[in-house]
Amino acid sequence: MKALEGIKVLDFTHVQSGPTCTQLLGWFGADVIKVERPGVGDATRQQLVDVPGADSLYFTMLNHNKRSIELNSKNETGKEVLTRLIETCDVLVENFAPGALDRMGFSWERIQEINPRIIMASIKGFGPGKYQDCKVYENVAQCAGGSASTTGFVDGPPLVTGAQIGDSGTGLHLCLGIVTALFQREKTGRGQKVTAAMQDSVLNLCRVKMRDQQRLEVGPLKEYSQFGEGLPFGDATPRAGNDSGGGQPGRILKCKGWENDPNAYTYFIIQAAVWEKVCDVIGEPDWKTEEGFATPPARLDKLNRIFERIEEWTMTKTKYEVMDLCNPMDIPVGPILSMKEISEDKGLYATGTLVKVDHPERGEYVSVGCPIKLSDSDVEVVRSPLLGEHTTEILGDVLGYSDSEIEAIAASGAVGKLKSAAE
Ligand code: CAO
């Protein structure tokens, strides 16, 4: 048995943010029914295509463990089918542009009327306020949520990060809201509306930077490298380069081979508790007791010199050797791993964090599996559906339409061309 077995999800999501949420629900055992525009489908099916004629990796890697029904929700018969789906499902998830669902005739009030037990979950770029009607993509959310202004180096422009905190980050937030609402429904019998704005989710992940904004009002941020370098602070949390957010001095340092390998680097933290071990490892035992080095505050204006010395040592080792030598001593270090190295890590396949998936159009590909492990709800990653692959099955088995009714629905243009079992 899976944790969410028996829960039906009407998946009205597209692109990245919403699909990451419903994919998680699918991995936890929910029956996820993805509603897609006939003949078109989720736009990502045809974005960044690498195998002509096949669904892209963008789509396949975000839509595992789902069934696909083609349905025109603007067609009258299509609206009737959608109404039946709303009656039948426990959760509706959507991330259309603001107002799109209302324009289809399915406001939250109408949805509640159809099914008072349903949980309707929405992602929008912004919460209520002056930007509520904006369409929003990943990097806009990273910028508006405070991440970009605090990422990069103090003397450079703002930077976005490769981690999709606006899209996948918001999908995660929404997923938590949905399971919480399902839990509350157990007691109240009522559904509710769950919303997660991308700006809010990014800001939540940048919580420590809002902490620093308030600390800045009472004095300089002493753990930031720029303090030790004597650079003045402005009135907003600055970009912190590779400083660690927790206040322990840390940097990214070159390792053996850095001249030719863009990822031959390690992250290195000089936590106060292991300072003496750091001094021994790099061959500077006198720094353990020397005035100006012995205490964390005394070291703040010497961090550049200290890290340059540590880097002299890390450059004699590979990033893996640094890890192997420092880890047993509890010195926190971490190799900078490339996507290529990660994709070849057998340990990640053993835990299901990476999976190989077979797909009828594109063959085998590597995907990231479920990053959350439940001891009593195993995750089996099932390939993403082809467009409309389950239209007949969902109309018949889930909604109970007879064969002749399904033919009539197809004739009305509400669904795409029905696929035979052989297709
Ligand atoms: N049948 C008929 N019409 C359908 C349909 C279906 N099955 N599915 C979608 N549509 C229609 C919508 O109703 C909408 O029509 P209207 O404009 O007439 O209301 C239209 O398709 C386009 O939807 P959209 O505006 O959501 O799509 P877009 O490509 O223009 O915008 C995006 C994409 C992501 C910017 C926008 O949806 C958005 O801002 N979403 C909220 C924030 C978000 O999730 N951003 C993350 C983006 S990356 O993950």
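Author: The largest cavity has a volume of about 60 Å³. A cavity is, on a 1 Å grid over the protein atoms alone, a set of points where a 1.4 Å probe fits but cannot get out, and lining residues have an atom within 4 Å of a point. Grid points are joined across faces, edges and corners, and the volume is the space filled by probe spheres set on the points. By this rule, one cavity of 30 Å³ or more is counted.

This is a predicted model, in which local features need pLDDT of at least 70 and side-chain atom pairs count only at pLDDT 80 or more, while totals for chains, interfaces and linings use all residues. Residues are numbered from 1 along each chain as its sequence is written, and side-chain values use heavy atoms, with hydrogens and water left out.

The lining of the largest cavity consists of Lys209, Arg211, Asp212, Glu223, Tyr224, Ala240, Asp243, Ser244 and Gly245. Five of these lining residues are charged, two are polar and two are nonpolar. Here Ala, Val, Leu, Ile, Met, Phe, Trp, Tyr, Cys and Pro count as nonpolar, Asp, Glu, Lys and Arg as charged, and the others, Gly among them, as polar.

As for the whole, the chain has 18 helices and eleven strands, which are DSSP runs numbered from the N terminus (helices: H or I, at least four residues; strands: E, at least two). Its C-alpha atoms fill a box of roughly 85 × 45 × 40 Å, taken along the principal axes. Of the 423 residues of the chain, 45% count as buried, that is, under 20% relative accessible area with a 1.4 Å probe and protein chains only.

Notes. On a 1 Å grid over the protein atoms alone, a cavity is a set of points where a 1.4 Å probe fits but cannot get out, and a pocket is an open set with protein on both sides within 12 Å along at least five of seven lines; lining residues have an atom within 4 Å of a point. Buried means under 20% relative accessible area, exposed over 50%, partly exposed in between (1.4 Å probe, protein chains only).
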